[in-house]
Amino acid sequence: MRHLHHLLPVLAGLAAALGQAPWELWWLALPAYVVGIYSITVARWPFLAGLLFGMAHFALALNWIIEPFLVDVALTGWLAPFALLGFSLGFGLFWAVAGWLGMRLSGGPIGVGVALAGAELLRSYVLTGFPWGLPGHILIGSPALTASAYVGAHGLGLMVLLGAALIAARTPVRMASGVAIWLLPFGLALTLPDAPAVPDDAPVIRLVQPNAPQSQKWDPDFIYVFFQRGLAETAAAPLGRAPDAVVWPETSLPQLLRYSDDLRPVIATAAGGKPVVIGAQRYGEDGRPRNSVVMLTGEGGDVAQVQDKFRLVPFGEYLPLQGFFEMFGLGPLAAQLAGGFVPGDGPVLMDLPGIGTVLPLICYETIFPQILRQVDRPKAILNLTNDAWFGANAGPQQHLALARLRSAESGLPLLRAANTGVSAVIDARGNILGSLPLGEAGHLDAALPPALPPTLYIMTGDWAALMMLLLLTAFLLWHRVRNPVALVRNPT
């Protein structure tokens with residue numbers, strides 16, 4: 001019985017994770033953060049309570065991380081539980097440090113909430129960053145999504161955590177203030193008009209979803225089955241206007257780009273000579289592989305532009321800390337799993353004939369909002385992805401949710417071609433206007449939604465959230481210096 005208090009942060013972490021897609025129980029996650037922060041403040045060891053809170057959260061929210069290791073169970077299946085443990089422990093340590101530091105900062109829940117928000121901002125940038133499963137992401141499935149146009153994911157997360165911390169302080173004024181902060185993003189969302197209607201003369205883009213399971217995608221017996229399926233969807237008669245361009249998913253060209261001279265004209269013919277954007281793999285002049293997006297034009301499928309993926313997936317496309325794995329004799333296996341890809345220069349806009357300038361992003365490049373601030377403003381975002389690696393549950397749904405967030409915070413429409421789904425057209429407020437379900441082959445003809453003017457978040461990025469965190473930290477430090485005795489008596 002004496003260890004039951006360790007169960008409280010675990011249950012809070014699990015409930016907080018249910019705010020993420022595909023569950024989207026944001027109304028449950030909000031009070032879960034209150035319980036989690038409170039459990040840290042009353043714990044004998046705040047570091048341990050924070051660790052349990054974070055590990056439980058990430059173990060559930062990122063449960064899909066085991067899926068890539070189950071594609072070839074005989075070779076890598078044994079690594080799946082270690083991957084889940086490693087991710088939940090590694091990210092849980094951010095929350096553990098935040099729990100300890102927050103208590104040192106203020107001695108109570110407000111410091112813990114501020115420290116957690118700072119930890120999540122740090123986790124989004126250090127060691128290439130992994131802004132996935134953030135507290136602010138629980139509001140993607142709520143009416144407050146469009147408030148991200150003002151403050152981005154970290155601004156939303158700060159409101160979630162600061163509101164929870166004030167409620168956890170358990171005084172009437174602070175609890176009322178916490179509820180008011182929770183209501184703020186919903187109020188901000190109401191100040192924004194709906195996305196403009198799609199004009200009748202908007203260009204039409206066909207999104208192709210061949211549905212190639214990862215276990216069969218590169219099987220010689222199936223490669224051209226999926227390719228022919230993509231050709232059939234590309235050539236299918238439209239229900240309305242003919243498409244002005246066609247988009248295939250990531251790595252859907254079945255041959256290396258240099259060996260595709262016979263395939264590209266076939267693709268162009270299926271597309272009726274319209275431009276095709278397709279995911280491909282190629283080798284650079286250094287002899288190392290690239291994951292690329294290629295624009296084909298003309299009746300011969302001429303290569304008009306090639307853009308290599310510039311934000312690679314650690315352990316999925318390249319091997320960080322290679323010396324560490326070699327110490328334990330795992331270097332060759334880890335390198336084989338990582339793939340050894342080389343990043344390209346980017347981001348780079350693509351001028352798609354008949355459409356205008358678009359920003360092509362491959363796979364998980366869409367999870368980084370700062371990319372959109374590094375280029376001139378395009379008309380739309382094109383996301384080519386292969387989510388077959390991540391199963392058919394939480395992973396693809398969370399990736400889709402983050403695509404919605406990118407649109408809402410940037411005011412740009414996003415067109416998403418996914419190998420096994422979910423392919424979708426998303427307007428400039430993050431609304432899904434049309435989609436293809438997971439695990440089905442098909443195509444979606446999407447009239448391009450109009451873009452909105454640059455949002456406040458696109459103009460300021462995460463600097464606003466960072467400045468607010470620094471101001472709150474400075475205030476807590478000032479309060480601690482001014483009231484060291486009161487802080488011990490009333491640790492809030």
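Is Pro-22 buried, exposed or partly exposed? Pro-22 is partly exposed, because its relative accessible area is 38%; buried means under 20% relative accessible area, exposed means over 50%, and partly exposed lies in between (1.4 Å probe, protein chains only). The structure is a predicted model, in which local features need pLDDT of at least 70 and side-chain atom pairs count only at pLDDT 80 or more, while totals for chains, interfaces and linings use all residues. Residues are numbered from 1 along each chain as its sequence is written, and side-chain values use heavy atoms, with hydrogens and water left out.

Pro-22 is placed in the loop between α1 (7–17) and α2 (26–42). Helices (H or I, at least four residues) and strands (E, at least two) are DSSP runs, numbered from the N terminus. When its neighbours within four places in sequence are left aside, Pro-22 is in contact with Ala-394 and Gln-397, where contact means heavy atoms within 4.5 Å. Pro-22 and Phe-315 are separated by 293 residues in sequence and by 25 Å in space, C-alpha to C-alpha.

The protein as a whole contains 17 helices and 12 strands. For 492 residues, a compact globule would have a radius of gyration near 23 Å, and the value of 24 Å for the protein agrees with this. The radius of gyration is taken over C-alpha atoms, and the globule rule is 2.2 Å times the number of residues to the power 0.38. Along the principal axes, the C-alpha atoms fill a box of roughly 80 × 55 × 35 Å. Of the 492 residues, 55% count as buried. Among contacts with a separation of 6 or more, 68% are between residues 24 or more positions apart. The protein exposes about 20,600 Å², of which carbon and sulfur atoms supply 65%; accessible areas come from the Shrake-Rupley method with a 1.4 Å probe, and for residues only the protein chains shown count as cover.

Strand β1 (residues 204–209) is mostly covered, with 6 of its 6 residues buried. In a regular strand the side chains alternate between the two faces of the sheet. In β1 both faces are covered: Val-204, Arg-206 and Val-208 are buried on one side, and Ile-205, Leu-207 and Gln-209 on the other. Strand β1 runs antiparallel to β12 (residues 442–447), to which 6 bridges join it, and it pairs in the parallel sense with β2 (residues 245–247) over 3 bridges. Two strands pair if DSSP finds at least two bridges between them. Arg-206 has a bridge partner in each of these strands, namely Asp-445 in β12 and Val-246 in β2.

Several features of the backbone occur in loops. Most residues other than glycine have a negative phi, and most peptide bonds are trans. The peptide bond from Gly-346 to Pro-347 is cis, with omega near 0°, and Pro-347 lies in the loop between α13 (331–338) and β6 (350–352). A cis peptide bond also links Gly-421 to Val-422, with omega near 5°; Val-422 belongs to the loop between β9 (414–418) and β10 (423–426). Phi is positive for Leu-127, near 50°, and for Thr-128, near 75°. Leu-127 is found in the loop between α6 (109–123) and α7 (148–168), and Thr-128 also has its place between α6 and α7. Leu-127 counts as exposed because its relative accessibility is 82%, whereas Thr-128, at 33%, counts as partly exposed.
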